Amino acid sequence: MFTGIITDIGRVRSVAQTARDRRYEVETAWDVAGIDMGASISHAGVCLTVVEKADNWFAVEVSGETLDRTTLGDWAAGTPVNLERATRVGDELGGHIVSGHVDGLGTVVEITPEGGSHRIIVEAPAPLHRFIAAKGSITVDGVSLTVNVVDGRRFGLNIIPHTWEATTLGALKVGDAVNLEIDMLARYLARWQETA
C-alpha cells in the first residue's frame, strides 16, 4: 500500500526486453541499501517489485498486461518517474490509501496557471469517470490529489507549487496520458451498489 506522497523523482537508466516481459533499471537518490529485494515500489502509480539493485539504482520487471494498460510502455532511457516506497505501519498517512493498481489512462486536456498554482483538466475513460467525485481523492501518475470539479468525463485538479516542482506533474503537456487510480472507497462502494 502507498499514500500517493512522492519522495523521489527517479530516472529510467536502461530498458531491456526479456524473454517474458520488459526490464527497467531506475536511478534513485534513495539509499538503495535500505531497499529489500522483492520490495514493492510505486512507479508513476504502478506497484512494481525490485528484482535487482546496485549503488544508485534498482531494477524491476513489467508484464505485457501492465505495459498495455499504463504509461510504462512508453518509457525510455531518461524518462523521469515519480517514486514512492511502500507505507509501513505507523507511517504518516499524508495522502490517501493507494494500492498501486492503475485503473485506466487519462488524457491531459488543459493546463492553466492560477496564481502560483496550476489547474489541470484531465479526461478519464468511460466508465472510470463514474468513480470520480468532486472533493474526492484520485491518484495521477502516483500522486495523491484532490478533485476540485467534475464535468462529465473531465475533472479538474489544482496543483500547488510544491507538488508541481517535486513530482513529474510539472512536466505534463496537453495530450499526455497519465496513470489514474480511483479512490479505493469509491471502487468498493460502486461494486456494493451494483450487487445490492
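User: To start, are Arg23 and Glu25 buried or exposed?
Analyst: Both Arg23 and Glu25 are buried. Buried means under 20% relative accessible area, exposed means over 50%, and partly exposed lies in between (1.4 Å probe, protein chains only). Please note that this is a predicted model, in which local features need pLDDT of at least 70 and side-chain atom pairs count only at pLDDT 80 or more, while totals for chains, interfaces and linings use all residues. Residues are numbered from 1 along each chain as its sequence is written, and side-chain values use heavy atoms, with hydrogens and water left out.

User: What do the side chains of Arg23 and Glu25 meet in?
Analyst: They meet in a salt bridge, at 3.4 Å from N to O. The term stands for a side-chain nitrogen of Lys or Arg within 4 Å of a carboxyl oxygen of Asp or Glu.

User: How many salt bridges does the structure hold?
Analyst: It holds eight. Another of these joins the side chains of Arg13 and Glu25, with an N to O distance of 2.8 Å. That pair links distant parts of the chain, since Arg13 is in strand E1 (residues 8-17) and Glu25 in strand E2 (residues 22-27), twelve residues apart. Strands (E, at least two residues) and helices (H or I, at least four) are DSSP runs, numbered from the N terminus. Arg13 is partly exposed at 37% relative accessible area, whereas Glu25 is buried at 13%.

User: Which residues are linked in a network of salt bridges?
Analyst: The network links Arg13, Arg23, Glu25 and Glu52. A further salt bridge joins the side chains of Arg154 and Glu123, at 2.9 Å from N to O. Here Arg154 belongs to strand E11 and Glu123 to strand E8, 31 residues apart. Arg154 is partly exposed, with a relative accessible area of 39%, and Glu123 is partly exposed as well, with 24%.

User: Strands next. In what order do the six strands close into a barrel?
Analyst: The order is E7-E8-E11-E10-E9-E12, with antiparallel pairing. Neighbouring strands of this sheet are turned by 45° against each other on average, direction ignored; the axes are lines fitted to C-alpha atoms, for helices over the stretch in contact, and angles run from 0 to 180 degrees between N-to-C directions. Two strands pair if DSSP finds at least two bridges between them.

User: How many bridges join strand E7 to E8?
Analyst: Seven bridges join E7 (residues 104-114) to E8, and the two run antiparallel. As an example, Ile111 has Ile120 in E8 as its bridge partner.

User: Which residues have the most contacts inside the largest nonpolar core?
Analyst: They are Ile138, Val140, Leu145, Phe155, Leu157 and Leu180, in a core of 22 residues. Strands E8 (117-123), E9 (137-140), E10 (143-151), E11 (154-159) and E12 (177-182) each give two or more residues to this core. Apart from it lies another core, of 19 residues, including Val12, Tyr24, Val26 and Ala39. A nonpolar core is a set of buried Ala, Val, Leu, Ile, Met, Phe, Trp, Tyr and Cys residues joined through side-chain atoms within 4.5 Å.

User: And what does Leu157 touch?
Analyst: Not counting residues up to four places away in sequence, Leu157 touches residues including His118, Ile120, Ile138, Val140 and Leu145. Contact means heavy atoms within 4.5 Å.

User: How many aromatic pairs does the count come to?
Analyst: The count is one aromatic pair, formed by Tyr24 and Trp75 edge-to-face, with 5.2 Å centre to centre and 65° between the planes. Tyr24 lies in strand E2 and Trp75 in the loop between helix H1 (64-69) and strand E6 (80-85), so the pair ties together parts 51 residues apart in sequence. Both Tyr24 and Trp75 are buried. Rings of Phe, Tyr and Trp (its six-membered ring) pair if their centres lie within 6.5 Å; planes under 30 degrees apart count as stacked, over 60 as edge-to-face and the rest as tilted.

User: Where does Asp141 lie?
Analyst: Asp141 lies in the loop between E9 and E10, and is buried at 8% relative accessible area. Asp141 has a positive phi of about 50° although it is not a glycine. Asp141 and Leu180 are 39 residues apart in sequence and 6.6 Å apart in space, C-alpha to C-alpha.

User: Lastly, which peptide bond is cis?
Analyst: The bond from Ala126 to Pro127 is cis, with omega near 0°. Pro127 lies in the loop between E8 and E9.
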